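Please open the model in a viewer and keep the selection tool at hand. The stops below are arranged as a tour, each with something to select and a description of what is found there.

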Amino acid sequence: MASDSTLFALALREMEGVGRVTAGRLLTHFATYADLLRTPREQVLTRIKGAPNAQALVTRLFDEAAMTEKLATAQAAAAENEKRGVHTLSPPDEAWPAGLEDLPLAQRPFLLYAYGPLEALARPLVALFARPPLSEAAFETAQALVRHLLPHGLVPATGAAHGFDVVVHKLCAGAGAPGLLVAPAGMARLAPPLRPTVTAAVRAGGLLVSPFPMTHGPFDHDDKERALTLAALARACVFFEPKPDTPEGHALTWALDAGRPVFGIAADDAPLPETVHRLREPVDSDWVVAAAKAVEG
């Protein structure tokens with residue numbers, strides 16, 4: 001059952017003029033709608049100072065009749081998701097991944113949809129980034145790394161769009177180990193060829209997550225958000241031949257700036273930053289394991 005915090009977040013998402021930053025600020029200060037109502041209007045206004053049409057927004061937030069209707073609609077939507085096996089999470093929820101809080105508000109989701117056992121979110125994730133076509137050497141290294149991660153209890157995490165993602169999760173499912181996929185659109189818009197992969201991953205204890213509403217997209221520009229979400233969820237990030245000005249390239253820059261352990265194989269025409277640990281020998285996989293286990297969850 002969705003928490004009161006999540007219902008408030010769902011209601012905010014449907015309010016005209018409430019963007020991600022404003023919703024994130026409200027949820028930071030008021031875990032539930034009841035918390036907001038217990039706060040003087042002047043203090044609520046202070047919390048969202050600078051937001052577009054802040055005064056009018058506060059007036060709408062204190063319209064209890066209208067907000068009660070929005071919360072009821074949110075509850076119905078969350079209940080419908082639950083019938084499909086989809087959990088809806090917001091930042092105050094216990095299962096909310098702490099790593100997402102490292103993203104700037106402008107890029108941080110304030111709702112997360114999850115299909116499968118939520119326990120996978122609490123396990124150490126290693127994010128694998130690739131955009132086909134890959135060289136044979138990079139593809140073989142990626143598969144060898146996945147096989148190396150699984151016996152150590154680490155969870156490989158990828159996107160949910162390409163053949164690379166399918167191969168990674170076939171390896172996981174074949175070993176009876178969980179994997180995590182981040183969808184580049186709402187779950188109802190997931191490409192049909194990926195659905196058997198998701199089913200197998202969930203049966204093995206894995207999870208599909210999305211920062212997008214169920215019927216959102218797909219839109220090309222959302223893939224950057226998908227990549228940033230994947231990087232933020234993980235304890236360590238591995239990039240296979242990333243190119244500049246791609247979602248993977250943006251995620252690489254963010255991961256380095258955020259202090260994530262970052263590993264990679266460079267493309268011939270796109271050198272990696274010096275601070276990326278190169279994967280050159282099989283022993284380098286041990287460094288990925290050590291980095292993922294060393295970071296506090």
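Select Asp 245 to begin; this residue lies in the loop between strand S7 and helix H11 (247–257). Helices (H or I, at least four residues) and strands (E, at least two) are DSSP runs, numbered from the N terminus. Asp 245 has a positive phi of about 60 degrees although it is not a glycine. Most residues other than glycine have a negative phi, and most peptide bonds are trans. With a relative accessibility of 72%, Asp 245 counts as exposed. Here buried means under 20% relative accessible area, exposed over 50%, and partly exposed in between (1.4 Å probe, protein chains only).

The model is predicted, so local features need pLDDT of at least 70, side-chain atom pairs count only at pLDDT 80 or more, and totals for chains, interfaces and linings use all residues. Residues are numbered from 1 along each chain as its sequence is written, and side-chain values use heavy atoms, with hydrogens and water left out.

**Further backbone stops**

Select Asn 53 next, in the loop between helix H4 (41–47) and helix H5 (54–61). Asn 53 is not a glycine, yet its phi is positive, at about 50 degrees. Its relative accessibility of 63% makes Asn 53 exposed.

Then select Pro 132 and Pro 133, which are joined by a cis peptide bond with omega of about 5 degrees. Pro 133 is placed in the loop between S3 and helix H7 (136–149). Another cis bond runs from Gly 217 to Pro 218, with omega near 5 degrees. Pro 218 is in the loop between S6 and helix H10 (223–233).

**The sheet**

Now display the strands. In what order do the nine strands of the open sheet stand? The order is S1-S2-S6-S5-S4-S3-S7-S8-S9, and the pairing is mixed. Two strands pair if DSSP finds at least two bridges between them. The edge strands, each pairing on one side only, are S1 and strand S9 (277–278).

Start from S1 (residues 86–89), which runs antiparallel to strand S2 (residues 112–115) and is joined to S2 by four bridges. Select His 87 to find Ala 114 of S2 standing opposite. S2 is in turn joined by three bridges to strand S6 (residues 207–210), again antiparallel. Across this pairing, Tyr 115 has Leu 208 in S6 as its bridge partner.

The C-alpha atoms of Leu 208 and Val 198, ten residues apart along the chain, are separated by 6.7 Å.

Move to S3 and strand S4 (residues 155–159), which pair in the parallel sense over three bridges. Leu 125 has Val 155 in S4 as its bridge partner. Helix H8 packs on the sheet, touching S3, S4, strand S5 (180–182) and S7. Contact means heavy atoms within 4.5 Å. The direction of H8 makes about 160 degrees with that of S4.

**Aromatic pairs**

How many aromatic pairs are there? The count comes to three. Rings of Phe, Tyr and Trp (its six-membered ring) pair if their centres lie within 6.5 Å; planes under 30 degrees apart count as stacked, over 60 as edge-to-face and the rest as tilted.

Select Phe 129 and Phe 239, a stacked pair at 4.3 Å centre to centre, with 10 degrees between the planes. This pair links distant parts of the chain, 110 residues apart: Phe 129 is in S3 (residues 125–130) and Phe 239 in S7 (residues 236–240). Phe 129 is buried at 2% relative accessibility, and Phe 239 is buried at 0%.

Select next Phe 164 and Phe 240, a tilted pair with 6.0 Å between centres and 50 degrees between the planes. Phe 164 belongs to H8 (residues 163–174) and Phe 240 to S7, 76 residues apart. Both are buried: Phe 164 has 3% relative accessibility, and Phe 240 has 1%.

**Last stop: two helices**

Finally, select helix H1 (residues 4–13) and helix H6 (residues 64–83), whose axes come within 8 Å and cross at roughly 110 degrees. Axes are lines fitted to C-alpha atoms, for helices over the stretch in contact, and angles run from 0 to 180 degrees between N-to-C directions. H1 is therefore roughly perpendicular to H6; angles under 35 degrees count as roughly parallel, over 145 as roughly antiparallel, 65 to 115 as roughly perpendicular and the rest as oblique. Leu 7, Phe 8, Leu 10 and Ala 11 make the contact from H1, and residues including Met 67, Leu 71 and Ala 78 make it from H6.
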